[in-house]
Amino acid sequence: MRRDEFTEMRAFIEVARERSFTRAASKLGVTRSALSHTISALEARLGVRLLSRTTRDVAPTVAGERLVESIQPHFESIAAGISAVSALRDKPSGEIRIVCPDDAVELVFRSRLPAFLRDYPDIAVELIVDNGFTNIVERQFDAGVRLGEAIARDMVAARIGPDVSYAVVGSPEYFAGRTAPLTPHDLTDHNCVNLRLPTSGGLYAWEFEKDGRESSVRVEGQLTLSNIGSAIHAALDGVGLAYVPRDLVRPYVDSGRLQEVLADWAPTFQGYHLYYPSRRHPSPAFSTFLEAFRYRR
C-alpha cells in the first residue's frame, strides 16, 4: 500500500468513528478542509461514496460500513504491534485517553496525577469530561470512569476510589426565611438545581436511603446544569439546593459557606471504577496507569 493510500484509509476510519470531520481532523492533527479533500480523493479513487454528509451528521454509507469492517481490524493490529514494541522500552510510553465525569477529576485524579506524570514522563494522559454514558469502544477511548453500580457486565472494572456519599447543600442566604427540608419529600417546596444527563437527556432523580429504605425524588427548580462543579457554584451563589458528592463540598460546609440538610438520608454509592472492554489487550502505558490508580483500602 502506498503512503497516500494508507493516509486516506486512516483518515476515513477516523471520520467514520467520530461521525464528524471536525473531531476527526482534530484527532489527526490536520485541518478540516484538508481532511475533506483526503476523503474526496479516496472516494474518487474507489469510485463509490463512502460517507453520507448532511449539515448535522456524517455517517458511513453501506459501502463505507463494509470498508470499515474490512480495514479496521488491520489498523487495530498495527496499533497493537506498536504497543508491543513500546513494551521493550525501559519505561512505558504512549497516550492514554479516558472519559470520566467532572467530579471524578476532583475526587480521584487531581491529587494523584501530578506524581504519576512526574514518574512516567513518556506517558501522555488525556481526560475527557463527559457526564453521560459514553460508548468507549465506539469513541476509541482506552477506558471510562463510572460509579461501580453503573458499569456494564461485559467490561473489566478496577476500583480507583473509595465509596462516594452524596449531600444536599444550600447557602445560608438561600435558607434565610425558608424552612429546611426534613424529609426528601419536602424538597418539592424548594428551588433545586437539576442535573441533566447528556446521554438520555432526562433529569437526574435525587436518590436517598434511610434505615434500608431507598427512595428517589424528581426535584424542580429554575436552573438545570450538566455537571457537578457548576451545581456546587450555583449552591454557593444562593441559587438553590444542590445534590453533590459530600467530599467536594466538605470545605464549604466546614467554613459555613454551605449548609447540609437531610444528612440522615444521604446515600452512599460504590466508588469510582476504571473500566475497559474485556476483549481489549491493555497497552503497557495503560497497565501502568491502572496499577498506579488502583484503589487500596
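## Basis of the model

The structure is a predicted model, in which local features need pLDDT of at least 70 and side-chain atom pairs count only at pLDDT 80 or more, while totals for chains, interfaces and linings use all residues. Residues are numbered from 1 along each chain as its sequence is written, and side-chain values use heavy atoms, with hydrogens and water left out.

## Overall build

The protein chain contains 10 helices and 15 strands; these are DSSP runs numbered from the N terminus, helices being H or I of at least four residues and strands being E of at least two. Along the principal axes, its C-alpha atoms fill a box of roughly 75 × 50 × 30 Å.

Of the 297 residues, 41% are buried. Buried means under 20% relative accessible area, exposed over 50%, and partly exposed in between (1.4 Å probe, protein chains only). Among contacts (heavy atoms within 4.5 Å) between residues at least 6 apart in sequence, 74% join residues at least 24 apart.

## Charges and salt bridges

The protein chain carries 36 positive and 38 negative charges, whose mean positions are 5 Å apart. Lys and Arg count as positive and Asp and Glu as negative, with His and the chain ends not counted; the place of a charge is NZ of Lys, CZ of Arg, CG of Asp or CD of Glu.

Side chains of opposite charge can pair when their charged atoms come close. The structure holds 16 salt bridges, each defined as a side-chain nitrogen of Lys or Arg within 4 Å of a carboxyl oxygen of Asp or Glu. A network of salt bridges links Glu 14, Arg 17, Glu 18, Arg 23, Lys 27 and Arg 139.

## Pairs between elements

Arg 45 and Glu 5 form a salt bridge, with their closest N and O atoms 3.5 Å apart. Arg 45 lies in helix α3 (residues 32-46) and Glu 5 in helix α1 (residues 3-18), so the pair ties together parts 40 residues apart in sequence. Arg 45 is partly exposed at 36% relative accessible area, whereas Glu 5 is buried at 16%.

Glu 260 and Arg 246 meet in a salt bridge of 2.5 Å, N to O. This pair links strand β13 (residues 259-261), which holds Glu 260, with helix α9 (residues 246-255), which holds Arg 246. Glu 260 is partly exposed at 27%, and Arg 246 is buried at 18%.

## A pair within helix α9

Asp 247 forms a salt bridge with Arg 250, the closest N and O atoms being 2.6 Å apart. The two residues are 3 apart in helix α9, so about one helical turn separates them. Asp 247 is partly exposed at 47%, as is Arg 250 at 39%.
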